[in-house]
Amino acid sequence: MLRNLRGLFVFTLLVFCSVLYIFNQLVSSLESANQQSRAQRTRAVDPGRSERAHDDRCDSGPVSRWEPYGRLPAPVCRRPRWTDPAHRSGWDPVGLAVVACGSRLEETLTMLKSAVLFSRRDLHFHIFAEDELHAGFTHALDSWPHRFRSRFLYSVYPVSFPSENAREWKRLFKPCASQRLFIPLILQHVDSVLYVDTDVLFLRAVEDVWRLLAGFNQTHVAAMAPEHEEPRIGWYNRFSRHPYHGHTGLNSGVMLMNMTRIRHTHFKNDVAAVSLKWADLLMPLLNKYKLNITWGDQDLLNIIFHYNPETLLVFPCHWNYRPDHCIYGSNCPPAERHGAYILHGNRGAYHDDRQPAFRAVYDVIQQFVFDEDPERGLLVPLEEKLRSAEHTYCGRVPHIFTKRLRQSIRELHTHTHTHTEHTLQV
């Protein structure tokens, strides 16, 4: 009897091991098929990529394998032939990150165009986009004239959220907007980026806002502008049902991030008895406040920096100039003096007739032809369009939209002339 029981035990053990082996083989085959499918999709977006030499691709470093994301496919990349003397002198490219979903392709390309037009430093675009937008980005960016195309590289990444809560994160506020919260955890090889919304336009060189990183003290991890300058029209101080930063809250449409510090800082909070790292803080915050937040990830950032104000550098409103700064009368004094440096057309300001001054800037940049003289192709038509916006409060302060643009064009002419002389000397 004992011998039979031992035999039955051995037989059961063998059957169990066999089933486990078959299961492991099945999982491996499924993973292999999945990787091949992803490779085929990448080749479809980037035909001929496998045939190009490694030197012709961008080596943007490994994409994070942070466990909640699983395995992410390699980004679609391009490496330009660097021509800017600044790059040859050893400067790293300025990192610019954006998240695009739905119908935001054209708007995002217009933002990237404004970044390239005025920058004198080389740039690296980190573009997080839905799969169906990848081909549109690669086709458009690769078609830009060589003189501009040679000044940036780009990486296109899939939109990715922690697997167990992906649907909830993706639908928070606007589609994919909360992706920005996870960029420091995905791009773990990248030290710093300037994150901007798709509805942002640069009227000043990107590297000028990048220099604000040099103003960070030892505790700063990020920089943003206030949501409002005038408390009487502020959202957070009048309607918020959760903690927020400062007197009027923060707007996250332009966010300069030292991601190395974000990844390693322990943040004070009201969801745990101890300070938590960024990766451990986001989900508990969402669980606690999801019924009380209106603006999604921006509200979560306000909560985080409410409890950690020492980690944030607040920059002036002309680095994130929005309709709220002029719709009820001008209330951004730095923009009155210096002009808007970065324009943020939130709430669809570029795409309807409610704010014709903002739409005018978007239209002239979108319609500008590369290699055209920027004064004739940008400044002159903008000044003409702004005359028809004088019936609005924002249209009554046209110098805010043109002052910095005029100076940027002047600096661009100077840089181009200097670069041409340098090339001739070489």
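A salt bridge here is a side-chain nitrogen of Lys or Arg within 4 Å of a carboxyl oxygen of Asp or Glu. By that rule, the structure has 20 salt bridges. Keep in mind that this is a predicted model, where local features need pLDDT of at least 70 and side-chain atom pairs count only at pLDDT 80 or more, while totals for chains, interfaces and linings use all residues. Residues are numbered from 1 along each chain as its sequence is written, and side-chain values use heavy atoms, with hydrogens and water left out.

Start with D208 and R120, whose closest N and O atoms are 3.7 Å apart. D208 sits in helix α8 (residues 206-210) and R120 in the loop between α3 (105-118) and β3 (123-129), so this pair ties together parts 88 residues apart in sequence. Helices (H or I, at least four residues) and strands (E, at least two) are DSSP runs, numbered from the N terminus. Both D208 and R120 are buried, meaning under 20% relative accessible area, with exposed being over 50% and partly exposed in between (1.4 Å probe, protein chains only).

Next up is K290 with E168, at 3.2 Å between the closest N and O atoms. K290 is in the loop between α11 (278-289) and α12 (297-307), and E168 in helix α6 (residues 166-170), so parts 122 residues apart in sequence get tied together. K290 counts as partly exposed because its relative accessibility is 37%. Back to shared partners: salt bridges join R120, R204, E207, D208, R211, R404 and E411 into one network.

Finally, look at helix α14 (residues 356-367). Nine of its 12 residues are buried, so α14 is largely enclosed by the rest of the structure; among them are F358, Y362 and D363.

Methods:
Expected span 1.5 Å × (residues − 1).
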